[in-house]
Structures are given as structure tokens and as C-alpha cells.
Amino acid sequence: MADSQSRQGRWISRRSFLAGAALGGAGVWAVGVMPRWIFSKDPHRPPQLYEYFVDNYWFESVGMNDVRDNPPLKGQQRVDIAIVGGGFAGMSTAYNLARLLPGKRIVVLEGARCGYGASGRNGGFADVGEPGFAYVYETHGPEAARAYYDATLLGLEQIRTFVDDYGVDCELELTGSTMLAAGESHVEYLIEHQQRLEQIGVRAELMDRAEMRRKLHSDRFFGGLHDPNHAIVNPAKLALGMKGVIESLGVEVSERSKVLRMMPGSTVRLVTEFAEVLADKVVIALNGYAPQFGLFKNRILPVNIYAAATEPLNEAQMQSIGWAGREGLWDTRSDFMYLRLSADNRIVFGEGGMIPYDGSPSTGNYQPLIEKMQSSLLETFPQLEGVRFTHNWGGTVAATKDGMPSVGTLADSGNIFHAVGFNGEGVVMAQLAGRIAAERVAGRETPLSRLAMVDKQMPYIGPEPVRNLGAAIYRKLDLWE
Ligand SMILES: Cc1cc2nc3c(=O)[nH]c(=O)nc-3n(C[C@H](O)[C@H](O)[C@H](O)COP(=O)(O)OP(=O)(O)OC[C@H]3O[C@@H](n4cnc5c(N)ncnc54)[C@H](O)[C@@H]3O)c2cc1C
């Protein structure tokens with residue numbers, strides 16, 4: 001959940017703030033005013049990809065510290081397909097390729113361990129239609145939006161396949177999710193969004209303030225819009241489960257295998273610390289890490305976003321907040337809050353994000369933001385005063401100017417593919433993007449190849465450091481259109 005006005009409407013905001021960034025940024029630079037709060041840099045940013053410790057509730061719930069990494073790939077290796085990145089996108093690509101091209105040597109090269117990136121750290125909102133539904137609707141029309149929404153349902157269906165056919169226990173709950181109006185004027189946006197959904201045949205339930213208050217015992221919101229098609233999962237369990245599934249299908253998963261260099265050619269050469277891999281085809285599934293790898297530097301803005309968890313709520317606390325439907329919730333502010341219940345009744349939540357002005361990835365534990373998130377949760381549920389906060393973590397996601405993901409072929413190569421740009425909404429979308437990337441690698445044309453996110457040029461995001469300055473100002477001012 002990267003940022004912005006609401007997840008559906010973010011493209012409008014992002015476009016305007018990036019456009020305004022040049023002017024605003026130049027002015028600010030000209031007078032030499034760079035307040036510390038704009039550039040508040042994450043003091044815990046690790047120098048490279050890895051941290052020593054990630055205080056992530058999901059990692060803990062899956063016993064990540066006790067899970068053994070696969071050994072790194074070593075020596076000279078010849079493979080049919082190498083997938084760089086072992087998050088949802090990379091593993092979905094591997095899953096679909098293993099089914100489309102059985103017998104091929106498919107290797108996942110993961111720099112840390114599968115699910116170590118955003119895939120194992122997110123809020124676990126398995127939302128359909130996102131990111132980019134409103135953008136597709138406005139720019140391509142209702143028919144394209146319907147196709148887009150339906151395609152993401154396939155992403156959710158893939159998760160259900162892991163659960164039903166492969167026995168992956170990822171605490172999937174088909175709860176739907178509710179967008180909450182954080183101001184009176186924001187209700188209008190809910191109505192607009194409901195109408196868009198209606199136009200494509202999706203019935204979302206609009207709730208006024210009183211109704212919302214009955215469902216969720218908080219005075220903070222002015223209404224809600226419930227989309228029944230969404231779900232929630234434990235993302236680290238899903239990531240670990242997916243790793244098991246792809247290995248069972250014959251995919252080789254090499255962990256601690258950070259790719260250091262890529263040399264394109266009719267055979268692509270990938271260099272890791274211990275191996276040189278020659279691959280006929282390569283899929284880049286690095287999302288927010290892609291710019292650090294040297295790809296999409298002017299197309300993807302790595303954004304760090306954060307999450308936290310409370311202790312498990314007791315019966316009385318659960319009663320006091322309502323929320324019987326357990327659906328994922330998020331509000332309509334640009335630095336929106338999102339919250340959901342875990343299987344053991346913790347509230348896992350987050351708010352806001354931070355843009356590293358040097359464009360390098362960061363993983364979180366940024367104290368000022370943690371404090372802001374905690375007080376925001378208590379503002380939502382003052383009745384939880386005294387609840388213990390047990391975990392804080394963060395991760396890096398990829399923001400694009402139009403808020404859309406991108407699946408396609410890199411430049412002239414013809415044999416290097418990518419699935420990136422999930423704008424903080426990749427739980428379902430990365431499943432779908434991996435499927436489309438696999439179809440492209442296998443040379444299959446399907447209706448999915450015609451979706452708005454396929455083979456499109458990601459828009460230019462502007463030069464450093466102006467774009468980050470503009471983005472930071474935008475966030476601080478919480479602009480609302
Ligand atoms: C705090 C937070 C909350 C979020 N909440 C939600 C949510 O509720 N719902 C939702 O839909 N989305 C959410 N997201 C976004 C979602 O997690 C991502 O969009 C999605 O996981 C992206 O998957 P991915 O596979 O593309 O990237 P990643 O999961 O980031 O995977 C990339 C992988 O590449 C590896 N890597 C990096 N560099 C190299 C290299 N050089 N060589 C080899 N490997 C490398 C990394 O270790 C990583 O495992 C959230 C993200 C965060 C951080």
C-alpha cells in the first residue's frame with residue numbers, strides 16, 4: 001500500500017505532485033530551505049540489501065529464524081530460465097513456468113531468502129483490482145477496468161489454489177475489505193468508487209457514518225465502502241508456502257544468491273557472489289529493489305512503508321472495537337492508515353511512508369513513524385488505550401508515476417522480462433503479474449497479454465533530487481484533491 005489519496009485514486013495525486021515537484025522543489029532549493037522533517041532519513045537504513053534483525057510479526061509467526069535458507073548457487077551454471085527475486089512475483093512466475101514448460105531448468109535467484117522483501121512484510125491485504133483500478137477505468141474505460149479487475153481475481157484464485165490444492169496454510173480469510181472515509185468530503189470519493197465498481201458489475205456496499213459506527217466502534221470515520229471480493233492472508237506463510245510449492249514442481253530455489261551483475265545477450269549472463277549463471281531467458285522480479293540493481297531508475301521510486309502489530313487482543317478488547325467481519329480496513333487519507341486482524345487477533349496496521357531521498361532501499365524501524373502509527377491507532381480506538389505494541393517493521397515497495405504495475409520485455413533484449421511496480425499493492429497483483437510474465441516467457445498469447453499493464457512504458461518520474469523533494473512535501477501536506 002504505497003501511498004496516496006486512497007489506493008484507487010492515487011494516480012491523480014501522484015501525477016499532480018510529481019508535476020508540481022519541479023516547481024516547488026526548485027523554489028525550495030533556491031531559498032535553501034530544507035527542513036529536517038522533509039528529509040528525515042531512516043537512521044536504521046542498512047547499507048545493503050540485508051538487515052541483521054527484522055522485527056516482523058509475520059516472520060515470527062512463521063518461525064522464520066528457524067527456517068533454513070537454501071544454499072546459494074555455486075560455480076558455472078547453464079539454465080533455461082533464471083528468475084531474479086524470490087518474492088510473490090518471482091515465485092508466481094516460477095510456479096506458472098513450471099506448469100507451462102515442464103522439464104526446463106528454472107532457477108530462482110533470491111538475494112536473501114524467499115519472502116524476505118515486501119512479500120513477507122506486508123499488511124496481507126489480498127485486494128483485487130489494485131493497484132490502478134481507477135486509473136484504468138478513467139483512461140481505458142469500464143470494459144478495460146472490468147478485464148483488469150477480473151484478471152486480479154485470477155491472482156486471488158492462484159492463492160486459493162496454493163491453499164486448496166497444495167495445502168499451504170497462509171491464514172487466508174475471505175473477509176472482503178472496507179475503505180473508510182477519513183473526512184466528510186471523502187465520502188464523495190467512496191460514492192464515486194462505488195459507481196465505478198457498479199459499472200463493471202461489482203456490488204460494493206456503501207455505509208453511512210452511523211452504519212459504519214455500528215460495524216466498527218470508532219468515531220473517526222464518516223462512512224465506508226465494502227468490497228466483498230477482497231481477502232486477508234499471512235504473507236510470510238504464503239511466501240514460505242509458495243517456495244515449497246515451486247520446489248515440489250522442480251524449480252530450483254537458490255537463496256543467499258544476490259545477483260550482482262547482469263550482462264544481456266542471446267544468452268544472459270548473471271553474476272552472483274558464488275556463481276555465474278548463463279540463462280536463455282531471465283525474469284526480473286525485484287520490484288522496489290530494481291533501481292538498486294540498476295534497472296528502472298527513472299521509472300520506479302522505491303518507497304519505504306511500515307507496519308506494526310499489537311499484542312493479541314483479549315475478548316473484552318475485541319468486543320469493544322466491534323469489527324466482527326474481520327475485514328481489512330484502510331482510510332482515504334494520502335498517508336492512509338491500514339489495519340487488519342491477524343489469526344491470533346492482533347491488530348496489524350500501518351500508516352504513511354517515507355521516501356528515501358537517495359533512492360536506495362530501506363527496511364524500516366523508523367521511530368518517528370512508529371510513534372505516529374501507534375497514536376493513530378489509539379485515535380481510531382481510544383478504548384484500546386494501554387494495549388501493548390509488540391512489533392514494528394518496514395519494507396521497500398515500488399511506486400510508479402501512474403500507479404500501475406508493469407509486465408513486459410526489457411528494451412531490445414527479447415529474452416529479459418520483468419514484473420514490477422506494484423505500488424504497495426502486490427499481494428494479489430504480483431501473483432497475476434508472475435502468471436503473465438510466465439506466459440510471455442513461454443511465448444503464449446492470452447487475453448491477459450492485452451491488459452493495460454502489459455508491454456506499457458512506465459512513465460518517467462523526474463530527476464533526482466527534485467522528485468523526492470516534491471514527493472516528500474506532498475506527503476507532509478497530506479494533499480487531497
Ligand atoms: C509494510 C508493507 C505493507 C504492505 N501491505 C500490502 C498489503 O496489505 N497488500 C498488498 O497487496 N501489498 C502490500 N504491500 C506491497 C507488497 O508487499 C508488494 O507489492 C509485493 O510483495 C511485491 O512483491 P515482489 O515479489 O514484486 O517484490 P519483493 O517481495 O520485494 O521481492 C523482491 C525480492 O528480490 C530480492 N532481491 C533484491 N535484490 C536482489 C538481487 N540483486 N538479486 C537477487 N534477489 C534480490 C529481495 O530479497 C526480495 O526477496 C506492502 C508492503 C510493505 C512493505
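How many nonpolar, polar and charged residues does the shell around the ligand have? By class, that shell has 22 nonpolar, 17 polar and five charged residues. The model in which this shell is seen is a predicted one, and the reader may wish to keep that in mind throughout. Of the 44 residues around the ligand, those that come nearest are Gly87, Gly117, Gly123, Gly395 and Gly426. At least two residues of the shell are supplied by each of helix 3 (88-100), strand 12 (301-310), strand 17 (389-399) and helix 12 (426-441).

The protein has a mean pLDDT of 87, with 84% of its residues reaching 70 or more. Among its elements, helix 3 has the highest mean pLDDT, 99, whereas helix 1 (residues 10-30) has the lowest, 40. Over residues 1-48 the pLDDT is below 50, although this stretch has 108 contacts in the model beyond near neighbours in sequence.

We can now turn to how helices pack. Two packed helices are described by the angle between their axes and the distance between the axes. Helix 4 (residues 133-140) packs with helix 5 (residues 142-166) at an angle of about 150°, and their axes are 7 Å apart. Because angles over 145 degrees count as roughly antiparallel, helix 4 is roughly antiparallel to helix 5. The crossing in which helix 4 passes helix 5 is right-handed. On the side of helix 4, Phe133, Val136, Tyr137 and His140 take part, and they meet Pro142, Ala144, Ala145, Tyr148 and Tyr149 in helix 5. By class, this contact has eight nonpolar residues, one polar residue and no charged residues.

Helix 5 also meets helix 12, where the two axes come within 8 Å and cross at roughly 95°. These two helices are therefore roughly perpendicular to each other. From helix 5, the residues Ala151, Thr152, Leu154, Gly155, Leu156, Gln158 and Ile159 meet Val428, Met429, Gln431, Leu432 and Arg435 of helix 12. The residues of this contact divide into seven nonpolar, four polar and one charged.

Finally, two details of the backbone deserve a careful look. Most residues other than glycine have a negative phi, and most peptide bonds are trans. Glu130 and Pro131, however, are joined by a cis peptide bond, with omega about -5°, and Pro131 is found in the loop between strand 3 (125-126) and helix 4. Phe296, which is not a glycine, has a positive phi of about 55°, and Phe296 has its place in the loop between helix 9 (290-293) and strand 12.

Terms used. Residues numbered from 1 in each chain as written. Predicted model: local features only at pLDDT ≥ 70, side-chain atom pairs only at ≥ 80, totals over all residues. Axes fitted to C-alpha atoms, helices over the stretch in contact; angles between N-to-C directions. Helix = DSSP H or I, 4+ residues; strand = E, 2+ residues; numbered from the N terminus. Parallel < 35°, antiparallel > 145°, perpendicular 65-115°, else oblique. Left-handed = near helix turned anticlockwise from the far one by under 90°. Contact = placed C-beta atoms within 7 Å. Nonpolar A, V, L, I, M, F, W, Y, C, P; charged D, E, K, R; others polar. Near = placed C-beta within 6 Å. pLDDT = per-residue confidence, 0-100.
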